[in-house]
Amino acid sequence: MEHHSATLPSLLLLLLTCLAGFSTSETGDGGTGEETSYGPSSVEIDGVNVVTVGIPYFFECTANCFPVCKYSWTRGNVTTQGTMLSLQLLHTMPTETITCTVVNPETGRSASAQKTMQVTAGPSNIQISGPTYLTAGAESSFSCSASCYPSCSYTWVVSWNGQVLSTHEGDSLSLSPYTSTVIAETLMCEAQDTVSHLFISTTLTLPVASISSISIESPGTVTMGQTYSFTCFAACIPTCSFTWEYMGKTFQGDRTEIPILHQGEKRKFASHLDITFSDYSKIEPLTCVATNSISGASINSTVDLTVIDPISVRATSGTLPVAGKSFSLQCVGSQNPASITWLKNKEPMSASQTVHFTPDNVTMTFSPLLQADDGSYQCVVAQGPIIQSSVYEMQVNYGPSSVVISGVDIMTLGMPYEFQCSASCYPACEFTWSWGKKTSRGPKLSLQLVEPEETQTLTCTALNPTTEASVAAQKTLKVIDGPTNIHISGPAFLTAGVESNFTCSADCHPSCNFSWVVTADAQPPITAQGSTISVDLSASAFLLDVSLECKAQETVSHLYIDKTLQLQLASLSNININGDSAVAIGSDYTYRCFATCTPSCEFTWRFMGKTFESDQLDLTISDYSNIEPLTCEAKNTLSNITITATMNLTVTDPFSVRASSQAPPVAGRPFSLLCVGPQEPNSITWLKNQHQVLASDRVQFSPDNTTITFSFLSRDDDGLYQCLVVEGENRTIHDNTLVVVVEGGVPTLSVGYLMKVNYGPNEVLIKEANERPVGQVMLVQPGSTTELQCLSQCFPVCLITWFYQGTALSTNASISFTPVIPPYAAALSCVASNPVTGQNGSAMTTVEVPDGPTNVIIAGPAALEIGVTASFSCSAECFPSCTFTWTLYGQTMTGAVIDITVNRHVSKESISCQAENTFTGETATANETLSVSDPHWCGC
């Protein structure tokens, strides 16, 4: 890096003395000479106009002054004395101002001068940014930067071997190599301060990366099993790396640099690769790729190698491979038959039920040949290097099979149809069609029938031209003359104001268009398109008959068929009841029901739980209810749609039955009823469910019959209680609605009192769902869930509370119960409480959870003597109980205790006892081995 500075101004080292005048005096006559003081004037500052930070500068102040003047300098807050000022700035600023003041001490006069300089800094820290190399044929971008104040300008010089190639202005540069022969270029960037014109420069030498002229030196033809050398050449700057690609694999060859023998030649590199050819391919490309080590640019060269294979696979005969027949392949050219391996699609083959090899592996036979045997066959020979033969592509001839005729099943006369015949076949089959006395060739058939006939049989015969085998398929076609089987589906009638949907269908080929016409008396017809129509006729039309016509027309032949449906229109509206709404008990009334109905209606009356059929109702009011609804229902006889009208009948001046107290009727307790009315009756008769009530041990009447008293109530006292009151002159009335005959004046039946006796709880039970009640003990499996119900005879319904292990469990009548263990036995109860009677009842069971068997123990003597009976017992921890099964001599016995007598000379006997839980079926077993002795045996 070089740093240059501008020429500094010369420093004035000689002080100038200005004399306004000088005279010599002569004293010839004794005279005297004097000089007068003046100044200062013409004050000037000599020095540069631009200063650079860090560089020292000198300034001089001059003035006309006599005698000698005094000089002072001011810069900011700093003051110095003398005619000379030394200045060196340490920081950048826009400008710097200095002031020189001159004072004449004789006259006391002063004068000053100012000088303002521009301030610059630098340049310094210059650098070039960009890539570290140039690429032939491509532009590279560079930028230059430096520290300058206020700013810098930049100049570029591009040179090669001292020769200037180009110059550029600006802080950035886009550059490509000058010529293809240049191997390096030098960049110089000069940064110059725009004010001080000081400058600084730096250089960068860049190599030119290039790659070209790639070629491969190789033989054009190679032989299987031989090794060949290949060399790849490329001109590279600075260097290249090489890779080779052959038959899907990549290789790294060695690399050498070729000397440059003539001036102007490019640096060349070469890569060498040795290949031994062991895999056959008639023509296989060999590619060399050269990659520049700096730029990463790459080029490639490819040569096609013709591979000669001395080993081949051939058929043993001139016959074609046909599925179902025998066929053989032979490995030809091998000098070492024992080393032959057969490949199919590059995978080794082995013998099978249909593939066989000769002992020397030279011949492979397919017996029979299958369609799946299609593939690429090679033989691999290991004679020195492993060599693969040329490929024999075998395409098995097969078929025909799976002959199929595609097309319609129904044909319309006069319409053309296309049929397609296909078959599984190699090579492609030839097809022949026949129908009637006509034939046609080819896989497709265009057919148009013009003569009426019910059916037509179509036959397609597929022929393999190589195997000469043939197979035929048939298709029976139904022949029709236009669309058929038209049908309209939907409701059997129309309902006014309700949308009804109808669908039209027909047998059409290939398809039909549907159109509709709806006519209703004199109204304009309604038309629609499509297979479905929605019909909605207004109720105000009063139409009786509606005609619905559908027309189905084939889309191709335009033949059509139509169908008409006659429908009735059902309507129902405006129902009302005509008659009195205020009635008195014992009087007769007539009511009529009216409705607007097409075609007709049926009427049904409902009053006090009874039903009557007719549009007119004759009614005698004999029972009291403050307000009782009278309902008439009209039903359309066609659509069965119904509408109703209701009139509330108000009954005046009633008698009624009431309880004598606020206490509810409870079974087992006394209870009284009163007959209350507006006047004193001549006689009162008490009825229960319209039957007369007679006095008994439990039922008494007051002297005037106004009160009926039960000494204690029972559940059988449930019912509707009424008093039949007779007023006026005596006469006999037979009322067919009552069982009792009343004598007297006008009878009046009171408003009833419906008594429901409260009782219970009685007979509280715990039972399993859909099972009988549980007993005092309920066995359940551990972890199981049992559905339980708490039942009681109770009115109203009792409140239920379950308790388990002394703790409240649930307040539902039904529970899903899962036992908690331990303990294995705990109380489960349900309590039924009647909130009206205040009575309680309960049921309880003990829940027992089976356990065991565990700790199975066999108790008895530890040894046996021959001929002596010994007793053994078996026990186990088991709940609820266990049964015991013994195994001895291969036989089984049951019971907790058994007796054993040994009658054979053995050294030991084995016994086992199995305990089985009687509820769960779980088992556990104990085994014992007992020594056997015979004290009476001498051993002889």
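**Strands, pairings and salt bridges in a predicted model**

Six salt bridges are counted in this structure, a salt bridge being a side-chain nitrogen of Lys or Arg within 4 Å of a carboxyl oxygen of Asp or Glu. The structure is a predicted model, in which local features need pLDDT of at least 70 and side-chain atom pairs count only at pLDDT 80 or more, while totals for chains, interfaces and linings use all residues. Residues are numbered from 1 along each chain as its sequence is written, and side-chain values use heavy atoms, with hydrogens and water left out.

Among these salt bridges is the one between K475 and D409, whose closest N and O atoms are 2.7 Å apart. This pair links distant parts of the chain, 66 residues apart: K475 belongs to strand β41 (residues 470-480), and D409 to the loop between β34 (398-406) and β35 (410-412). Strands here (E, at least two residues) and helices (H or I, at least four) are DSSP runs, numbered from the N terminus. K475 counts as buried because its relative accessibility is 14%; buried means under 20% relative accessible area, exposed over 50%, and partly exposed in between (1.4 Å probe, protein chains only).

Another salt bridge joins the side chains of R698 and D717 at 3.0 Å, N to O. R698 sits in the loop between β60 (691-692) and β61 (699-701), and D717 in the loop between β62 (707-710) and β63 (719-727), so this pair ties together parts that are 19 residues apart in sequence. With a relative accessible area of 5%, D717 is buried.

Two strands are said to pair if DSSP finds at least two bridges between them.

β15 has a covered face, made up of E185, L187, C189, A191 and D193, and an uncovered one with A184, T186, M188, E190 and Q192. Strand β12 (residues 152-160) runs antiparallel to β15 and is joined to it by eight bridges; V158 has L187 in β15 as its bridge partner. β15 is also joined to β16 by nine bridges, again in an antiparallel arrangement, with C189 opposite T202 in β16. β15 and β16 form a hairpin with five residues between them, and H197 in the turn has a positive phi of about 65°.

Strand β16 (residues 199-217) contains S210, which counts as buried because its relative accessibility is 8%. Leaving aside residues up to four places away in sequence, S210 touches A136, A235, C236, I237 and N292, a contact meaning heavy atoms within 4.5 Å.

For the protein chain as a whole, there are zero helices and 83 strands. Of its 940 residues, 37% count as buried. Among contacts between residues at least 6 apart in sequence, 60% join residues at least 24 apart.
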